[in-house]
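I opened the notebook to look up how this chain is built. My entries follow in the order I made them.

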Amino acid sequence: QVRARAPQDPDVTYITGCTNITKPGYYVLSSNLTGALVSGYCIGVFASDVVINGDGHWVVSNYVGYSGIYVGPGSTNVTIEDIYVAVYIVNVLVNSSGVRIVNSSIIYGYYYGLIVTGNDDSIVNSNVSANYYFDITIIGNDDSVVNSIVSYSSSMYGINITGNNDSIVNSTVVDNCEYGINVLGNNDSIVNSNVSGNGYGFINGFGINVTGSYDSVVDSIVS
């Protein structure tokens with residue numbers, strides 16, 4: 001398999017256990033990881049210009065730890081790709097801006113699948129499903145979910161948006177318990193997406209619940 005190299009560093013650092021990333025570079029998981037550091041996460045990112053390539057491997061709690069992957073404040077231009085993260089309280093917690101999650105699966109979170117608090121973050125070609133409360137929580141602004149599957153939240157919402165100018169594009173948000181998408185922010189948009197089969201666990205469940213202002217639903221299926 002030929003792997004792309006991060007433009008800022010042609011070298012590869014292999015990850016063999018839970019760790020902190022404190023330098024820019026291209027990091028590849030060489031095996032599945034379990035558990036967490038004493039800080040509560042398995043992989044902590046505290047640097048900018050970082051690529052984490054899971055190479056198809058898993059990061060699983062084994063009933064230990066708070067988050068599988070944590071991206072700390074100020075860590076920009078971070079890409080997380082080709083990885084499976086499962087069975088943490090919050091599988092992936094992003095507290096920074098300019099973070100991309102690509103071709104990954106974030107599943108079976110005890111409480112939350114993915115929480116994004118920064119701005120200009122994106123989830124692309126990923127599966128964020130079967131997490132207990134919210135599959136995806138977007139608190140920041142100008143974040144996006146593109147070409148992704150968000151499904152089977154067993155208690156509440158597929159996507160919960162409290163930020164502004166966020167977008168859900170070309171995505172499938174189906175079979176979530178209460179709302180498929182809950183929009184509390186302003187100027188958020190849902191475009192060319194399938195938001196159906198949601199609300200099965202609540203009499204007042206909906207495909208999309210909007211309480212913000214100037215939000216839009218365009219060319220989408222909502223049922």
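First I noted what counts as a pair: two strands pair if DSSP finds at least two bridges between them. Strands are DSSP runs of E with at least two residues, and helices are runs of H or I with at least four, numbered from the N terminus.

Next I wrote down the ground rules. This is a predicted model, in which local features need pLDDT of at least 70, side-chain atom pairs count only at pLDDT 80 or more, and totals for chains, interfaces and linings use all residues. Residues are numbered from 1 along each chain as its sequence is written, and side-chain values use heavy atoms, with hydrogens and water left out.

**Entry: the whole chain**

I counted elements in the protein chain and got zero helices and 28 strands. Then I looked up its radius of gyration, taken over C-alpha atoms. The value is 17 Å, close to the 17 Å that the globule rule gives for 223 residues, so the chain is as compact as a globular protein of that length. The globule rule is 2.2 Å times the number of residues to the power 0.38. Along its principal axes, the C-alpha trace spans about 50 × 35 × 30 Å. I also checked burial: 51% of the 223 residues count as buried. Buried means under 20% relative accessible area, exposed over 50%, and partly exposed in between, with a 1.4 Å probe and protein chains only.

I traced an open sheet of nine strands with parallel pairing, in the order 2-5-8-11-14-17-20-23-26. Strand 2 (19-21) and strand 26 (206-210) stand at its edges with a single partner strand each, so one side of each has no neighbour in the sheet. Neighbouring strands here are turned by 10° against each other on average, direction ignored. Axes for this are lines fitted to C-alpha atoms, for helices over the stretch in contact, and angles run from 0 to 180 degrees between N-to-C directions.

I then followed some pairs. Strand 8 (residues 67-71) and strand 11 (residues 90-94) pair in the parallel sense over four bridges. There, V71 stands opposite V94.

How many residues of strand 17 are buried? Five of the five residues of strand 17 (residues 134-138) are, so it is largely enclosed by the rest of the structure. Four bridges join strand 17 to strand 14 (residues 112-116), in parallel. V116 has I138 as its bridge partner. Three bridges join strand 17 to strand 20 (residues 159-161), also in parallel. I136 has I159 as its bridge partner.

I found an open sheet of nine strands in the order 4-7-10-13-16-19-22-25-28, with parallel pairing. Its edge strands are strand 4 (33-34) and strand 28 (221-222), and each pairs on one side only. Strand 22 (residues 172-174) and strand 25 (residues 194-196) run parallel, joined by three bridges. T172 has N194 as its bridge partner.

**Entry: two residues**

Is L29 buried or exposed? L29 lies in strand 3 (residues 25-29). Its relative accessibility is 1%, so L29 counts as buried. The C-alpha atoms of L29 and N53 are separated by 6.5 Å, and the two residues are 24 residues apart along the chain.

Y63 lies in the loop between strand 7 (58-60) and strand 8. At 68% relative accessibility, Y63 counts as exposed.
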